[in-house]
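Colleague: I'd like to learn how to read domains and contacts in a model. Could you walk me through one?

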Amino acid sequence: MSITIQNINKNFGKFQALNDVSLDIPEGKLTALLGPSGSGKTTLLRIIAGLESSDAGKILFSGEDVSDLHVRDRNIGFVFQHYALFRHLTVAQNIAFGLESLPRKERPSKQEIAQRVEKLLEMIQLPQLADRYPSQLSGGQKQRVALARALATQPRILLLDEPFGALDAKVRKDLRRWLRALHDEYHFTSIFVTHDQEEALELSDQVVVMSQGKVEQVNSPAQLYARPDSRFVFDFLGHVNVLSGVVKSQKLVQGDAWVSLPGTKGDQEAQLYLRPHEVQLSRDPSTHARLPLRIQSISLIGSEVRLELTPEGWESQELWETGMSHAEFAQQNPTRGELWYAVPNVGHLFEADSHQPRSVDWDFQNAANASSM
Amino acid sequence: MSASAQTSVASVRRFSGRSKRVLPGFGLSLGISLFFVSLVLLLPLTGLVVETSGMTWDQFVFTITDPRVIESYKVTAWTALAASLFNGVFGLLLAWVLVRYEFPGKRLIDAVVDLPFALPTAVAGITLATLFAQNGWYGQWLDKLGIEVAFTPIGIVVAMAFTSIPFVVRTVQPVLEELSPADEEAAVSMGASDGRVFRKVIFPSLWPALVTGVALSFTRSLGEFGAIIFIAGNTPYVSEVTSLMIFIRLQEYDYAAASAIASMVLLVSLILLFAINLWQSRYLRRLEGR
């Protein structure tokens, strides 16, 4: 079941939560709505569910207009951030709730309901907890039960509102993997809301980045990370190192720092965005860039050594960040307080007049220069 | 030996609690509280028992089983039950409206709910009697329908309901306020009808509070005096409540009989409150997983 969102608007008083949002959610895929708080992602999810009404616009399920359909008739499963389990009912009774709510004609017999519940309990790997009450479960178990409960009536669409937001890091990771596996097995169309970019990129097939009630970009996780098409998406997805300055004779200059940018027009403001992995550290400046940085801190935990750097003789709003392999680290032995130079391989240039970035590839240019010499 | 010495030191420290507590004054505050409870609650109760103990067992039984007194038990019990059940329904409705809806005058109504507590019960009784008397504002209309309220047991129910309604509203209101809207949304998203959402999701969370409110309203009604005597008519064997019987015995300077009857009211109230507390703690333990 695909979902089409057409020109949705929603205001809460004077606050515009959604501003003319249009979107296609493909069938059988796991889609993430990603954005900072206040970006309208939860409101959009609730409008899709029918828990909230839109001021204007349409929601279509497989081409069928459901805008005026009540939640209870939309046949969706909804999972809440804080589980919303019925605390006076046991786990089994919670899961059976949806089936028992069906109109008499469609309602399965008691034995059938019991069997379905048993199957769902096996699916969430908690068959031994059938007679427990929600208060006796851990957060991760509660969210699994909530998921089984939402899936019990075999909804056409599964909607999850920050499903892992209330869980601690370890449980969150486990549950994320488990949800992905479950989805790969059953292929329901699902949308989940998150403000955690790592979660969105790891779990979903398609990411919708939202900001201030608008859709910023829709793409697959890999494409989104590699080619953000706005400053917002760049800033929001992972760390980014920024050099903002003025272009003069094909160089972006700010204070003591400069980067050569062949083919740029002069005398305009511009920002160069560099992902941590697109920057190498060297003890000397290279021919195409001079970015002096002082090492502020070194973090050894993880598969890579992470270094935080402060600009020396120029300015940046945030610290720069880069990584190097442990082998490289052992060889080069950078220490805190030393002055190093950042050497970019690939970068993304936002020029004053354009909203979208232009890719810059110095490796390619250097190679071309070397072969022509 | 040293191990046992250590544990005893640890247990002493935990018991006195001096090193762990952030705010001091546990001993002092508990002492004052206990002293006050003894002074205003336990001492008069002891007096009641002492007064009663002057009677022989036969005298005691004779006093509390006097036919007129027995009749007053019956009247008190059924009117209190009717009043508290009425309050259960109406109080729930009132609490629901106050929590769920926004309307002009909401804060005023919220404040008015406490009026029966603030108003002297005698004033309430006189006002109700005036309103429901045959020529009163309500009474004249009810009279045309053939319903007599003032100076009948129904008047007792009205007075009891009036004086004890805040108990139900004020116990149910906070629970209603704390109900998570997500629970209801979850139920509706699974296709439950409005009625089913109320019965299966909202009501089970509410009803410990509702039962407590109704029970408090009931026990309060058992002892109500001031509001009732002005509207009840106080006809022996028909509309005399137990608290009035106590008052009558007192006027006859029969303190022993008065305290004997009072001890019955006290006993019933205590048993009821205790039973409710026990039941509720069990129910809540299940919900909160303690």
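Colleague: Which domains does the assignment give for chain B?

Modeller: In this predicted model, the assignment for chain B gives domain 1 (18–53) and domain 2 (56–288). Over C-alpha atoms, the centres of domain 1 of chain B and domain 2 of chain B are 29 Å apart.

Colleague: How many residues does each of these domains of chain B bring to the contact?

Modeller: Domain 1 of chain B supplies 4 residues and domain 2 of chain B supplies 8 residues. On the domain 1 side, the residues are 2 nonpolar, 1 polar and 1 charged.

Colleague: Now for chain A. Where do its domains fall?

Modeller: Chain A splits into domain 1 (3–227) and domain 2 (239–372), with C-alpha centres 41 Å apart. Along the principal axes, the C-alpha atoms of chain A fill a box of roughly 80 × 45 × 40 Å.

Colleague: What secondary structure does chain A have, and what share of its residues is buried?

Modeller: There are 10 helices and 22 strands in chain A. Of its 373 residues, 38% count as buried. Among contacts in chain A with a separation of 6 or more, 63% come from residues 24 or more positions apart.

Colleague: And how should I read the interface between the chains?

Modeller: Interface size is often given as the accessible area lost when the parts come together. Here we can count residues: chain A gives 20 residues to the contact and chain B gives 19 residues. On the chain A side, strand S6 (76–79) and helix H2 (91–100) are the elements that give two or more residues. By class, that side of chain A holds 11 nonpolar, 7 polar and 2 charged residues.

Technical notes: Residues are numbered from 1 along each chain as its sequence is written. Chains are lettered from A and ligands numbered from 1 in the order in which they are written. This is a predicted model: local features need pLDDT of at least 70, side-chain atom pairs count only at pLDDT 80 or more; totals for chains, interfaces and linings use all residues. Helices (H or I, at least four residues) and strands (E, at least two) are DSSP runs, numbered from the N terminus. A residue is buried if 20 or more other C-beta atoms lie within 10 Å of its own, exposed if 12 or fewer, and partly exposed in between; C-beta atoms are placed from the backbone. Two residues are in contact if their C-beta atoms, placed from the backbone, lie within 7 Å. Domain bounds come from an automatic or database domain assignment. Ala, Val, Leu, Ile, Met, Phe, Trp, Tyr, Cys and Pro count as nonpolar, Asp, Glu, Lys and Arg as charged, and the others, Gly among them, as polar.
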